[in-house]
Amino acid sequence: MKSLRALAALLLLAACGSGGPPPPDWKTDSAALVARYQKYALLGENTLAERYFQQAVAATGGAGRVAETAHLWLVRCGIRRAMLIDDTCTEYAELARMAPSATDQAYYRFITLRWEDLDPALLPPQHRDVLRAPTGRRSETLDTITDPLARLLDASLLVMRQEADAATLVIATETASSQGWRQPLLTFLKLQREQAVARGDRAEQAWLDQRIRLVETSFFPPPR
């Protein structure tokens with residue numbers, strides 16, 4: 001697993017090894033549905049995203065799969081925290097007590113900011129450097145993360161830990177912008193605007209206001 005994207009596809013990857021019978025429908029369905037959840041959640045189309053997620057949970061739950069259902073909730077929590085939504089991962093934690101997984105538990109601790117004594121080796125590779133870096137220098141690791149969603153997640157976690165600097169917000173903003181992820185983009189643009197206002201930088205504020213208007217308009221495009 002290298003990123004949230006890999007986490008979301010874990011069920012499908014496990015099912016599609018070389019040889020053997022085709023995977024059962026619940027595995028392929030849940031993997032495809034949670035990938036759709038990820039897409040639409042990042043776009044800010046929340047009603048559609050939640051519909052796909054509940055269908056994914058119904059697929060694994062209908063098969064009576066506790067560990068896989070817990071994993072879906074963990075994926076959802078990670079995506080929400082990448083968007084700076086302070087999700088506590090309650091649903092994952094409740095299910096995980098019945099079917100614990102060392103790697104999922106490590107990832108859960110990572111995204112809920114419980115980094116003390118957390119073994120980086122248990123995390124997806126993309127997240128290990130930020131955990132290993134000393135406090136105050138963690139934002140320097142963001143540029144080395146090749147996966148956009150993993151980079152966005154790490155930047156969001158640094159904001160939540162109050163370890164983010166101005167460069168962290170720029171990286172998160174441009175990562176979301178390059179992918180067209182409107183929901184986190186709008187959040188980080190507004191955080192940058194707050195900093196520009198605090199500095200009294202009117203030119204930067206005007207530039208950010210324009211970007212914010214463009215993103216907000218895209219949520220409610222004018223009728224044709």
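## Helix α3 and the residue after it

G44 follows helix α3 and has a positive phi, near 85°. Helices here are DSSP runs (H or I, at least four residues), numbered from the N terminus. The model is predicted: local features need pLDDT of at least 70 and side-chain atom pairs count only at pLDDT 80 or more, while totals for chains, interfaces and linings use all residues. Residues are numbered from 1 along each chain as its sequence is written, and side-chain values use heavy atoms, with hydrogens and water left out.

Helix α3 covers residues 25-43; at 1.5 Å a residue its 19 residues should span 27 Å, and its end C-alpha atoms are 27 Å apart, which agrees. The expected span is 1.5 Å times one less than the number of residues. Among the buried residues of α3 are W26, L33, Y37 and L43; buried means under 20% relative accessible area with a 1.4 Å probe, protein chains only.

## The disulfide

The structure holds 1 disulfide, defined as a pair of cysteine sulfur atoms within 2.5 Å. C77 is joined to C89, with an S to S distance of 1.8 Å. C77 lies in helix α5 and C89 in the loop between α5 and α6 (90-96), 12 residues apart, so the pair links distant parts of the chain. The torsion about the S-S bond of C77 and C89 is about -70°, so the disulfide is left-handed. C77 is buried, at 1% relative accessible area, and C89 is also buried, at 1%.

## The nonpolar core

The largest nonpolar core has 57 residues, of which Y92, F110 and I111 touch the most other members. Helix α5 (residues 66-82) gives the most to this core, with 8 residues. Such a core is a set of buried Ala, Val, Leu, Ile, Met, Phe, Trp, Tyr and Cys residues joined through side-chain atoms within 4.5 Å.

Beyond its neighbours within four places in sequence, I111 is in contact with residues including C77, C89 and L153, contact meaning heavy atoms within 4.5 Å.

Methods: Buried means under 20% relative accessible area, exposed over 50%, partly exposed in between (1.4 Å probe, protein chains only). Helices (H or I, at least four residues) and strands (E, at least two) are DSSP runs, numbered from the N terminus.
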